Amino acid sequence: QWVKVYIQNEYGTVSDGKPVYTEYNDHQHHSEVPLVVMKGLPLFLGWDFGRTPACIICQITSRGQLRVLDEICAMDMGVTNFAAKVVKPYLMNNYSGMPITSLIDPSGLDKGDKDEQTCFEILDRLGLNPEGAPTNNFTSRREAVANALSWNVDGGQPGLILDPKCKMLRAGFLGKYELRRMQVTGEERWTEAPDKNKYSHPHDALQYVAMRLEVPETPKVRRFRNAKQRGAADRVAGY
């Protein structure tokens, strides 16, 4: 990275850590021009919650290319305000009328200590059609993105491509989303999971979308949807 930035005069970042994605090639995976939104395809939204929430807007082509169209990041904001007051208006203004599926951390189906509503229920109430990812295991999430970076589709097109608007994701791919160097003697060693910083949140969100390429809707989500449908039917019947 140091040679690329200071010798070859290429775009990049320099840090003391180890990039999570050595498979990323900025010339191949970053588009210099805005990506075309394919109106015949649905949108897949990847979400990361907490007080620094992020939402990644993607499409997946019939050939399996993951097209990362947009990113929305916030600071010191809860999921309800972020989804209702930031993401939902942005979608209405920029992606109106397109079908949406939201991919979230499976822990978002569980109730928290301070709120009776789950993240799943909040997004569902807003019509953002949430699904829980099959796992939040870091290795599985990382491999899903790495696989998309490693394959080619449609005669040499990259399996994952970033729109120029995705500046946080791009910086993360270039090294800001990193494994921290461990302070030990001897050979170089790195942490098993990346540092939590402003670049990790959009990347966590992207990983949930990438997993959708490989794994269908999980049984836990199906049980939730079936229970919700039964509840609606009971209300209609007067129970």
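Author: Helices (at least four residues) and strands (at least two) are DSSP runs, numbered from the N terminus. With that in hand, look at Asp76. Asp76 sits in the loop between strand E4 (66–73) and helix H3 (79–94). The model is predicted. In it, Asp76 has a positive phi of about 50 degrees, although Asp76 is not a glycine. Is Asp76 buried or exposed? Asp76 is exposed, because its relative accessible area is 59% and exposed means over 50%.

Asn129 also has a positive phi. The value is near 50 degrees, and Asn129 is a residue other than glycine. Asn129 lies in the loop between helix H4 (119–125) and strand E6 (130–132). Asn129 counts as partly exposed, with 28% relative accessibility.

Now the cysteines. A disulfide is a covalent bond between the sulfur atoms of two cysteines. How many disulfides does a search of the whole structure find? The search finds zero. Take Cys73. Its closest cysteine sulfur is in Cys55, 9.1 Å away, so the two are too far apart for a bond. The cut-off for a disulfide is a pair of sulfur atoms within 2.5 Å. Cys166 is in no disulfide either. The nearest cysteine sulfur to Cys166 belongs to Cys58, 7.6 Å away.

Cys73 is partly exposed, at a relative accessible area of 37%. Cys166 is buried, with a relative accessible area of 1%. Buried means under 20%.

Note on methods
Residues are numbered from 1 along each chain as its sequence is written. This is a predicted model: local features need pLDDT of at least 70, side-chain atom pairs count only at pLDDT 80 or more; totals for chains, interfaces and linings use all residues. Side-chain values use heavy atoms; hydrogens and water are left out. Buried means under 20% relative accessible area, exposed over 50%, partly exposed in between (1.4 Å probe, protein chains only).
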